[in-house]
Amino acid sequence: MSNGKMIEARGLTQTFHTGRGKKQTAVHAVAGVDLDVAEGEVVGFLGPNGAGKTTTLRMLVTLLRPTAGTATVAGYDVVRESVQVRRSIGYCSQVGSTFSGAYAGDEVVDHGMLYGMSRTEAVAKGHELFDRLQLDGLWRRMPKNMSGGQKRRLDIAMGLIHSPSLVFLDEPTTGLDPQARANLWEHIRDLRAQQGMTVFLTTHYLDEADALADRILIIDKGTIVASDTADNLKANVSGDLVDLEVAGDEQVAVARDKLASISDSVEVEGHHVRGRVARAGKAVPGLLRDLDAAGVALDSIEVIRPSLDDVFLTLTGRSLRDADETATPPEAEPGQPAYDTTPTA
Amino acid sequence: MTFLRETSVVFRRQIRMNLRNPAWVLIGVMQPVLYLVLFGPLLEPLVDQFGTGTDNAYTFLVPGLLVQLGMFGAFFAGFSLIGEWREGVIEAERVTPANRSALLVGRLARDLLQLLVQALILVGLGYVMGLRGSVGGVVLGIAITLLVGGACAAASNALALTTKSEDVMAPVINVVMMPVLLLSGILLPMTIGADWLKRISDFMPFRYIVDAVRDVFAGDFGGGSVVWGTGWAVVLFALAMWWGTSVFRKENA
């Protein structure tokens, strides 16, 4: 990309209609999303269920035509140049991509051939991906006989068979056990580190976005409510919690005053003095010098960084968990898996 | 060229999965074979009263069973598509640059190959039971059967991708198939029925197709029924293909 932009969306909108006749109501699943992703960036797309994550993603990967707005992916328009977009991107959907009763290797090779690769090319690339994704020895195994983690890695192999420069991962670790999850994170990190890929991943796990992404986009009720690095989001929103444990009773007041000079919300509880401090990593060394100079001895100091849950709470007034519970996903139409979306245009 | 290549990738993938479970091909042909073996003998003393120009029960029965095989067998093709859709296969194929019609046509080619194998088994067995027909007629009859089968398979795939639910598919197929079966003269000719029944069956395209296959098996290529039957088969095939490809091409199917 000449301008270094992999994804550029402006006013991207998806409106579904539910019900029939007079009872028909419009659901704005995605209500005007602007987003930019630079080449080589790893972006986490975060939001509660039904916030519009998957719908946005499906528009970007050409599976769903936007109701309004535009999007350019890998330099091509998602509506007018959808075939070129498809050629340039890999997509790993959250439901999977392979038939449970087919051999893994066959599925990967056939998939590559649908991208126009020759059988030889697809076989070679498939074996390379199986090695890299720790799937060696599973070429002739059926997905129904694989573990959850192996299946997800197979889906990633499917998405990478044609060597795309941009890959979309939709909730890549949902339903995996912690070990498989940590393992998959390593592989996702490798995509950029070793292959210079741009990665766009949706998740509703805060720690996942925090661990993998350079930048986090938060979507709520169909609009982007924040876009920044995890660190900045946390710093801007609430600051870190600094917890000082003071050795002696008489020093509590001194410690409180010192902490109050860099924090406007100091609380005292026994020997503990706590306060929210913006960018505590920078402020704490000075604070420690001050306390030392004032003769305050500390038993312990703890800096607790705000979680992305705190961020979401401050941005929307709801915690992510509550949002998950109250959300009514427009995707959940009768007779369809919740991830699917059906515009009745 | 690209289209053919993509179609053949889809076709070979489907065939590979079918060959892993060859039992299904035989299970599919079981029903007509049972009719042939257990119902055919009942027709032997009756067939010359039908006035269909043949006194051979099997030359009469096999054409009907062929069309039935083409309709029923192919109508169930959509169920495997729902399975694939549920596992994300269809969506994964749709994010490739492959032509979306190729995704359908590759699958139809599998259904037709399967139907051809079943048709040959049925006709072969018919010969063993006593069927005697013109070779050209049998070939043409099987060709018409494939057209009907292609139409039903395309419709079934379209229905599958529209409903995305076996629970909806199964009753719909039942509701459609029962009147088709009863009004097409597959097991007994409509000519022996009451006039009102004959009038109703005049509106059933599959009746003309059954009549056409029956006539060509008996070596009668000149009758109007051959033209009508072949015509209907072509029309149904074209309609179903149009429906199928439009569903596969639809965004978000």
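**A tour of chains A and B**

In this predicted model, select helix 6 (residues 100-129) and helix 7 (residues 135-163) of chain B: their axes come within 9 Å and cross at roughly 140 degrees. Axes are lines fitted to C-alpha atoms, for helices over the stretch in contact, and angles run from 0 to 180 degrees between N-to-C directions.

Now show the contact residues (C-beta atoms, placed from the backbone, within 7 Å).

Next, select strand 14 (residues 298-304) of chain A. How many of its seven residues are buried? The count is zero. Buried means 20 or more other C-beta atoms within 10 Å of the residue's own, with C-beta atoms placed from the backbone.

Strands 11 and 14 of chain A pair in the antiparallel sense over six bridges; pairing needs at least two DSSP bridges. Find E245(A), which stands opposite S300(A) in strand 14 of chain A.

Last stop: where the chains meet. Here 30 residues of chain A are in contact with 23 residues of chain B. Helix 3 of chain A gives the largest share of chain A's side, five residues.

Residues are numbered from 1 along each chain as its sequence is written. Chains are lettered from A in the order in which they are written, and local features need pLDDT of at least 70.

How values were computed
This is a predicted model: local features need pLDDT of at least 70, side-chain atom pairs count only at pLDDT 80 or more; totals for chains, interfaces and linings use all residues. Helices (H or I, at least four residues) and strands (E, at least two) are DSSP runs, numbered from the N terminus. A residue is buried if 20 or more other C-beta atoms lie within 10 Å of its own, exposed if 12 or fewer, and partly exposed in between; C-beta atoms are placed from the backbone. Two residues are in contact if their C-beta atoms, placed from the backbone, lie within 7 Å.
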